[in-house]
Amino acid sequence: MFLIGAAVQSSGLPASFYGSLIGSFISGSVAVLILIYNNWQKNKEFNFRCYGTMKIITLHLGYLSQVEQLTLKVLGEMIDKQDYRNAGLLKILKNSKGFFEEQHTLLEKERANIPYDFTSRYFTIVGAIHSVTVAYDQLIEEPTNPDRYETLVKQMSSCNKIIKVFNENTTKYLKNVEKRYKIKDFY
């Protein structure tokens, strides 16, 4: 009787081994598929968040570029007229500086949602905006110094060029994300 029981158990051993092996393979395959899907969803969510942030940043930087151009025009006219001590000019400069500071603050708040590809570009543009605000501070402290005007004009021109390149790159990024994730922007 002992031999019959041993023979039955030994014949079931390979079947249960192969059954558990197949079951483990199926379970592992399902787990890997779930990980791949979760990773894809995570990337999709991150790219959607970055997409929205980059649209907002592009819009605000477009306004900033317009303010820079207007300020450069006003400064150019004031410099040509040698009208450095005008109280109205100081008021314009303080308002314009405030707008730059607001944009700098916005960029700092949205830093976590900047795509990895734009990290170095982000710091370049934040640095350029900071340089403009420093030039504003120096000019407001010494409004009679013509060199301060030239410094501000140079900083603003440089910042404006960086903004234009940043916005061009952002537009390309947004088109790629729209295409990849089939995002429809209805606005």
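Analyst: One term is needed at the start: a crossing is left-handed if the near helix is turned anticlockwise from the far one by less than a right angle, and right-handed if clockwise. Helices (H or I, at least four residues) and strands (E, at least two) are DSSP runs, numbered from the N terminus. The model is predicted, so local features need pLDDT of at least 70 and side-chain atom pairs count only at pLDDT 80 or more, while totals for chains, interfaces and linings use all residues. Residues are numbered from 1 along each chain as its sequence is written, and side-chain values use heavy atoms, with hydrogens and water left out.

User: Does helix 3 pass helix 4 in a left-handed or a right-handed crossing?

Analyst: Helix 3 covers residues 119-141 and helix 4 covers residues 146-181. The way helix 3 passes helix 4 is left-handed.

User: Are helix 3 and helix 4 roughly parallel or roughly antiparallel to each other?

Analyst: Two packed helices are described by the angle between their axes and the distance between the axes. Axes are lines fitted to C-alpha atoms, for helices over the stretch in contact, and angles run from 0 to 180 degrees between N-to-C directions. Here the angle is about 160° and the axes are 9 Å apart. Angles under 35 degrees count as roughly parallel, over 145 as roughly antiparallel, 65 to 115 as roughly perpendicular and the rest as oblique, so helix 3 and helix 4 are roughly antiparallel.

User: How many residues of the contact of helix 3 with helix 4 are nonpolar?

Analyst: Contact means heavy atoms within 4.5 Å, and the residues making it include Ile125 and Ile129 of helix 3 and Leu152 and Phe166 of helix 4. Ala, Val, Leu, Ile, Met, Phe, Trp, Tyr, Cys and Pro count as nonpolar, Asp, Glu, Lys and Arg as charged, and the others, Gly among them, as polar. In this contact six residues are polar, two are charged and 15 are nonpolar.

User: At what angle do helix 2 and helix 3 pack?

Analyst: Helix 2 (residues 87-109) passes helix 3 in a left-handed crossing. Their axes are 10 Å apart, and the angle is about 155°. That angle makes the two helices, helix 2 and helix 3, roughly antiparallel.

User: How many salt bridges does the structure hold?

Analyst: Side chains of opposite charge can pair when their charged atoms come close. A salt bridge is a side-chain nitrogen of Lys or Arg within 4 Å of a carboxyl oxygen of Asp or Glu. The number in this structure is five.

User: Which residue meets Arg49 in a salt bridge?

Analyst: The distance from N to O in this salt bridge of Arg49 is 3.7 Å.

User: Is Glu45 buried or exposed?

Analyst: Buried means under 20% relative accessible area, exposed over 50%, partly exposed in between (1.4 Å probe, protein chains only). Arg49, at 38%, is partly exposed. Glu45 has a relative accessible area of 52%, so Glu45 is exposed.

User: Which residue meets Glu142 in a salt bridge?

Analyst: The N to O distance is 3.1 Å in this salt bridge of Glu142. Glu142 is partly exposed at 32%. The partner is partly exposed at 23%, and that partner is Arg148.

User: How far apart in space are Met78 and Tyr149?

Analyst: Met78 lies in helix 1 and counts as buried, at 14% relative accessibility. In sequence, Met78 and Tyr149 are 71 residues apart, but in space their distance, C-alpha to C-alpha, is 9.7 Å.
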